[in-house]
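Please open the model in your viewer and keep the selection tool at hand. The tour below goes from one selection to the next.

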Amino acid sequence: MPSLLELAANAFTAIAILLAGRNNVHTWWTGIVGCTLFGLLFAESRLYADVVLQAFFVATGVLGWWRWLHGKNGAPLPITHADWRTLAWMVPAGIAATAAYGALLHFYTDAYAPFIDSAVLVFSVIAQLLMMGRRIENWAVWLIVNTIAVPLYYSRGLVLTSILYMAFWINAIVSWWWWRRLARQQALAPA
């Protein structure tokens, strides 16, 4: 049976993710609440990389909220594609950071699945940075994160959270399609 903390964290985060997929700025404050609750839940489950990740999400939630509203010379930030140079460094940097942080957790804590947990952390950071810039490719990275996170959370007994991340996987596909459509509409709109 999920705890009240897990239920609340899942509810706020589900709302935030659905709003993000719909390109709605309210994703940020609902995400801040959900991430705060998940930080507490993951601390109880000894998923320390995920605790750090939730703190990152709270901090970037404030910045993302502002950028979406005022990020392009005071105007809302448009949806765009990331350039190839940005994407080219992300995968090797993500793998290196996963290995480094996973080793740190492995050797210095009692973390459960430190390398897998670190992959969720690192690639979530990359996806979040892309999302803050309203880059369409954030959804591809979220697909990777959700694929890793589902079995990790399930293995810790966080069944509701693993089910939620399965739903996030589907949402990432739908949102990827939706953001591409919105970007095309923005490109065709008169200035």
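Angles between axes under 35 degrees count as roughly parallel, over 145 as roughly antiparallel, 65 to 115 as roughly perpendicular, and the rest as oblique. The model is predicted, so local features need pLDDT of at least 70 and side-chain atom pairs count only at pLDDT 80 or more, while totals for chains, interfaces and linings use all residues. Residues are numbered from 1 along each chain as its sequence is written, and side-chain values use heavy atoms, with hydrogens and water left out.

Select helix α4 (residues 84-108) together with helix α5 (residues 114-132), which pack at an angle of about 140° with their axes 8 Å apart; helices here are DSSP runs of H or I, at least four residues, numbered from the N terminus. The two helices are therefore oblique to each other.

Next, show the side chains where they meet, with contact meaning heavy atoms within 4.5 Å: among them are M90, V91 and I95 in α4, and F115, L121 and I126 in α5. By class, this contact of α4 with α5 has 16 nonpolar, five polar and no charged residues (Ala, Val, Leu, Ile, Met, Phe, Trp, Tyr, Cys and Pro count as nonpolar, Asp, Glu, Lys and Arg as charged, and the others, Gly among them, as polar).

Staying with α5, colour by accessibility: 15 of its 19 residues are buried, where buried means under 20% relative accessible area, exposed over 50%, and partly exposed in between (1.4 Å probe, protein chains only).

Finally, select A113, in the loop between α4 and α5, which has a positive phi of about 45° although it is not a glycine. A113 is partly exposed, with a relative accessible area of 21%.

Notes: Axes fitted to C-alpha atoms, helices over the stretch in contact; angles between N-to-C directions.
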